[in-house]
Amino acid sequence: KYLMDMEITYDEANKLIKERTGKGVILSYANDNMVNVGYEINVLGISNVIKAIDLKIEKIEDSDIYVHYEGNGDLLVNGLMKIKEHVKLDFIENAGEQCLVVHLDMIPKAKKLLENIKLLGARFEKDSAKIEFTIKNA
């Protein structure tokens, strides 16, 4: 079986989040296993980025991605609840103990894709996040 990667740059993700939610969320590289998440605030016309939390992918099981967070987790959970007012985020579960579970099979486009691929892992690089997968029945 062939190992393949799917990549999204942090810039692309940041733009997508802003387009969908109207919120200035900033993702940036911390290390191969962790990404920093910050948010934009505007004070007197000057835009600043405040670091909120670090996200680390703990494991991937089938179509579920387990994400551990460090830092101001209350800010993350409250922020997700606020974003849920504008965007359907039923696929994100607060699993407690500073852990979120992203249920990819609850996202229609991802569910369709998961019929044909098997997720193997994920990693962060300087400018992007990558998901590793293989094609099923290849």
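**Fold and packing of the predicted chain**

Of the 138 residues of the chain, 36% count as buried, where buried means under 20% relative accessible area, exposed over 50%, and partly exposed in between (1.4 Å probe, protein chains only). The model is predicted, so local features need pLDDT of at least 70 and side-chain atom pairs count only at pLDDT 80 or more, while totals for chains, interfaces and linings use all residues. Residues are numbered from 1 along each chain as its sequence is written, and side-chain values use heavy atoms, with hydrogens and water left out.

The chain contains three helices and nine strands. These elements are DSSP runs numbered from the N terminus (helices: H or I, at least four residues; strands: E, at least two). Along the sequence they follow the pattern β-α-β-β-β-β-α-β-β-α-β-β.

Three strands form an open sheet in the order S1-S9-S8, with antiparallel pairing; two strands pair if DSSP finds at least two bridges between them. Strand S1 (4-9) and strand S8 (117-124) stand at the edges with a single partner strand each, so one side of each is left without a neighbour in the sheet. From one strand to the next, the twist averages 25°. S1 is joined to strand S9 (residues 128-135) by six bridges, and Thr9 stands opposite Ser128 in S9. Helix H1 (residues 10-21) lies across S1, S8 and S9 and runs at about 60° to S1. For such angles, axes are lines fitted to C-alpha atoms, for helices over the stretch in contact, and angles run from 0 to 180 degrees between N-to-C directions.

Another antiparallel pair is made by S5 and strand S7 (residues 99-103), which are joined by five bridges. Within this pair, Val101 in S7 is the bridge partner of Tyr66. Six of the eight residues of strand S5 (residues 64-71) are buried, so S5 is largely enclosed by the rest of the structure.

The largest nonpolar core has 25 residues, and Leu55, Leu104 and Leu119 have the most contacts inside it. The largest share of this core, four residues, comes from S4. A nonpolar core is a set of buried Ala, Val, Leu, Ile, Met, Phe, Trp, Tyr and Cys residues joined through side-chain atoms within 4.5 Å. Leaving aside neighbours within four places in sequence, Leu104 is in contact (heavy atoms within 4.5 Å) with Ser63, Ile65, Ala110, Lys111, Leu114 and Leu119.

Strand S4 (residues 46-61) also holds Ser47, which counts as partly exposed because its relative accessibility is 47%.
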